[in-house]
Structure formats: C-alpha cells, structure tokens
Amino acid sequence: MTRENSVVVHLEDVHKVYQMGTEKVHALAGVSLEFERGTFCAIMGPSGSGKSTMLNLLGCLDRPSSGTYTLAGNDVGSMGDNELSELRLRELGFIFQSFNLIPQLTVRENIELPLFYLGWDAARCEKHSLELADRVGLADRVNHRPTELSGGQQQRVAIARALANDPRVLLADEPTGNLDTATGEQVMALLCELNDAGKTILMVTHEAEVAAHASRRIHMRDGRIERIEEGN
Amino acid sequence: MDRVRIWRNVSLGIKNLMLHKLRSLLTMLGIVFGVASVIAMLSIGEGASKEALDQIRKLGSTNIIITSIKPLEDESQSKQNSFMSVYGILYDDETRIRETFSDVENTAPIKIIRKEGRLYERALDLRVVGTTEEWFNLVRRPMVAGRPLVQNDLVDHANVVVLTEFGARRLLATEGTIGQSLRIGTDYYEVVGIVQSESGQGIEIAMPDQEVDAYIPLNVARERYGDTIIRRTSGSRESSRVELHQLIVQVSHENRVEAVDAGIRAMLKRFHKKVDYKIDMPLALLQQAEATKRTFSIVLGSIAGISLLVGGIGIMNIMLASVTERTREIGVRRAIGAKRRQIIVQFLIETIVLSTIGGLIGIGIGMSIPLLVTYFAGMPTVVPMYSLVLSVGISMAVGLLFGLYPAVRAANLDPIEALRHE
C-alpha cells in the first residue's frame, strides 16, 4: 500500500471564518494536517482554540472558508448539502459527549439508524445491529430504551451506532465528558480496541488523561496548531 | 423511496405520536370535528334534498301538469245562493294541446266526482276519478292485482273500475273482489284491478291518503255524472261546472318541456278569459331544487373548509413545537447522514398520519351523527359516498399542506446548531 492510498484525511491551509456581527472571527487560521489509516489522534486545546470548529469540519458538517479538505479522496469544499450527507453516511461515524441517542427508539433501532438511511432491508439491519450490540457488550439490552441504561452503556450504544456503517473515520467529541472516571476508562478501552482493529479515530478532548490513550496529540490555540506530540 | 422505508417512517411517526398521546389527540381534534361536520352536514343536506327531488321526480320531469282552479273573482259570487261557477280545463283544451304541439307524446285527463260507493254492505265516500289508460302509463304505478284501464274500456264505454290498494282495504276488497260489482251512485261497475296507492302523487286535489279512489273510464264518468257538481253546505247550495280537473301533458324530451310549457301557457291564455288553471312544470321545480342543493353544498363546503383550515393550523402549531423539541434528534440524524429530503419526509409522514387518523375518526363520528338525527328528529339522511372520499382526501391534504412548513423548517436547521441545542 502506498503512502498516498493510506492517507484518509488531508487538510491543506484550511481557514474557517465566521461573521460575528461586524467582526470576522478566524476560528481556523491555516491548518494543514494529514491522517493515515489507523491513526488514533486526540485534538486538544482550551475553549476557543478552534478544536470544535475543526471537528465540525472534519465531520463534514461544515465546509472550509478557504483551503482544501480531502476525505477519502473527496474534495469536501466543493460538495453540496446532499453530497455531504451522503459522504457522512458512507465514511463517517460520530460519537458525542452527551451520547445523543434518540429516546423514543430502542437500543437496536438506534444502532440501525445509519443502516435505515443506507436503505438496508430489515432482516439485514437486525442481524448487523445485534452483532454490533454484542461487540460493545450490550447484547442483552437491545430492546431497552436509552433512558433505561447507564451513561457508560449509552455511550457504548452510541459507539455501536457510529460503527454501523463501517465508517472510514470515527469522530469523537469529548466521549468521556459526561462519564465518571471508571466508566470513562471503559469507553476509552473500547475505542483503543477499535483502533487496534484498524479503525481511524479522531477525538476532541481537553483531558490529558483521556488524550494519553491516543497515539498522536495535536494541541491547538487560536485557530492554529500549536504543537503535535507523537507516541503514547 | 421504497416501500420498506415508507413503512418504517410511518411506524416511527406513530411511535412519536404515541409518545405524546394527549397532545396528539388534542391536535387531531380539529381534523376530527372538521371531517365529522363535513360528513354530517352533507348527509343531512343530501337527505333533505333527496326527499324533495324524489317527490319532484315522481311527477315526471318530462311532464307538465295543468290543474283547474277556481278563479279568485268567483269567490264573491259563489257566496250567493245557487250560483253556478264555471271554470277549469276544457275537453277542447286537451284536444288542442294534442293537435298543436308535435312534441306532446301523451295527455292524461282527470275528472273528479264525489260519489258514494257500495260493495256488499259496506258504503264509503269515493273520489271517482274519470281518466284514460294513458294516465296509468304516465304515473307508472304497479298493479297489485288485475289490470289497469285499457283503451278498449273507453272504446266500449265499459262500466269497469280500478281501485287503489288503500281504497280496496277500506272497502274490504281483496284479490277475490276482482270481477265483483261496485256500486257507485246508482250504477254498477265491475272491479277489474287494484293499483298500488301512492302517498305523494302530486295531484294536489286532496290528501291522497285520506281518499278512496276509484278509477273509471273518462267517457263513462262524463256520461253518467255530467260536468256539474252540486255541493250543499249548511243551507247554501254551491254548484260548479268543471270539465277536467287535471291534465297531465307528457313531452317527448326534457329539453322540449320549456318550449311546450310556454306554448300551452300562450294557448290557454287565449282560450280562457280568466286564469282558472295552474301550470306546474316538475322540471322547473327539479332545476330549482337542484340549484338550491348546489347553493347548500357550497355553503356547507365553505363551513367545512374553514373548520378544516383551523384544524390544519392546529396541526402546524403542534408540529412546529415538535420540531423545536426534537432539534437535537434532527441534528443527530443529519450528522449520521440523513438528507434534507429524508427529514422532510419523516415529519410530513408524521403529520399525514396524524391528520389521516383524525380524518378516519371524524368519518366514524360524522357517519353516526346522521343516524342520530334520523333516529331522534325523524329527518331522512343519506351519507353520500363522495363525502367520505372527499374527507379522507382533504384531511390528508391538510396534513401535507400544514405539515410542509414545519418539515421544511426542520430540514433547514443547521446540523451544527441543532446538535448544540439543549
């Protein structure tokens, strides 16, 4: 496999400018990055450093004001709303701080959500979602509602959902932010396990202990990359 | 979009609606009552106008009915003793109408005489109707037994009589009575048939139900009883001379009726010095009744439309609240990869499910209201099939129309903002 092929995420001099009233805010001021397949990277920084903007951009929820962002060979900047949706559906999985499970759906239905939009038939959905529930250790909870589960369990359901479409990149936004240390550790262990299995994970966090699990840590400040640490 | 996904959207919609049962129910009420009122009003209106239209149709839409009436000027004179008033349709009028208008297919003259009838020991006041076989063709009433009057009866000046079912019962006559002799006045008539009685037959001479009719050949009636009727009332004597009491003119086609009607009016005006006749055109009544019905339908339709509009606004209001409430869900779905169109479909299906269920409940209530009206008020009601189709269609359309704005608003939310929403 050549180096070019193994690059999943490529950012080149990316700027993101927001218009706040009369003032222009440079949330990202020239970021260039490259992530290879199998990377586990933590993006760190104080609030206002641009790490959330970075995650939204990486998650194709937003487009760069200038510069280029290439995800799995697709030029995100030139894409329309429908194409971005399609790209998220095929290539990305999201894990949120507050889990964001849909309360009226069961665990299984929550996991099946991406498959529903992918247009899978019911039998295939069910088989796949049960496998995923088993993989995150919740096979016996599939017919429960999210509100009947603990925080750690809910986050594991969210991870199963993020994995349902077998995404190229998993994006995690403070995945342990709403969990106590012990359950947080369990969730991180699960993410590490997924990374060991070859999944690319990009994670935003401000906790050094959590970031320590990642193989690379990018520190951001004022919309710029301050420094990059490699290794555990 | 395939069937599976639509079905999943529908079941998801139902699930979301069941999450807030009371709210969904209250939201539906607008549509429920809108639809119920449409159906109830249309049914009651339809029932009322059907009765009127049926009565008019019975008179025959190709018929023109001329009835003799005593002219107003005669009232004062008839108060004086033993004055004879002469009025009404003449035998010549019938001949003239038959000969003048080529569009006239048939005419049925009627002459009425009151006589006492006697069958065995039973005596009754009869309304003797002198008429022709054409009358039986025109009114199209089925025979209960025997036969109606036929042409030969008139040719032979036969002493034959046809009774109505009601009259026959009053006279204790049965099927076995056919062939027996009925005495009318001083003459004997052979009973040849019994014809079904009709309640609202449109011959406005008297309440038909209270009368015992005996139909005999017109020429026989004329020869036996003449044209002069003498009625004694408390000391005064009142006599009148009327040749024909009624003349039914049948025209070949509905669209010729008005022309013939105008012709007859002009003709009668020329030959009658006084207006001693009245002309009814069931077709005109029919047209009038239908116009009234149309107006009625438009008024009811507008009321129903307004109530459905209010119901639709209610739905829109709740759906907007629901969109706000579920902003985060929308954000999550968008992040996972749902397209705008898919979000629109999801919310639209929810409102359509809501309004369709509301519509179906409304149909249930709407169909039971006319039953209650018929049961308690005795008014006839007809639930028109089209009103059911219309109501379901309209309630679905209301869901679609008023669900569209909230759905589009949901789909246009910025996913980043939506995910940040508390």
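Analyst: Strand S4 (residues 66-71) of chain A pairs with S5(A) over two bridges, in the antiparallel sense. Strands are DSSP runs of E, at least two residues long, and helices are runs of H or I, at least four, numbered from the N terminus. Strands pair if DSSP finds at least two bridges between them.

The model is predicted: local features need pLDDT of at least 70, side-chain atom pairs count only at pLDDT 80 or more, and totals for chains, interfaces and linings use all residues. Residues are numbered from 1 along each chain as its sequence is written, while chains are lettered from A and ligands numbered from 1 in the order in which they are written.

Look at the pair again. A:Leu71 stands opposite A:Asn74 in S5(A). Now widen the view. Four strands of chain A form an open sheet, in the order S2-S1-S4-S5, with antiparallel pairing. Strand S2 (23-36) and strand S5 (74-75) of chain A are at the edges, each with a single partner strand, so one side of each has no neighbour in the sheet.

A helix covers part of this sheet. Helix H2 (residues 51-58) of chain A lies across strand S1 (7-20), S2 and S4 of chain A. H2(A) runs at about 125° to S1(A). That angle is between N-to-C directions, from 0 to 180 degrees, with axes fitted to C-alpha atoms, for helices over the stretch in contact. Contact requires C-beta atoms, placed from the backbone, within 7 Å.

Technical notes: Contact = placed C-beta atoms within 7 Å.
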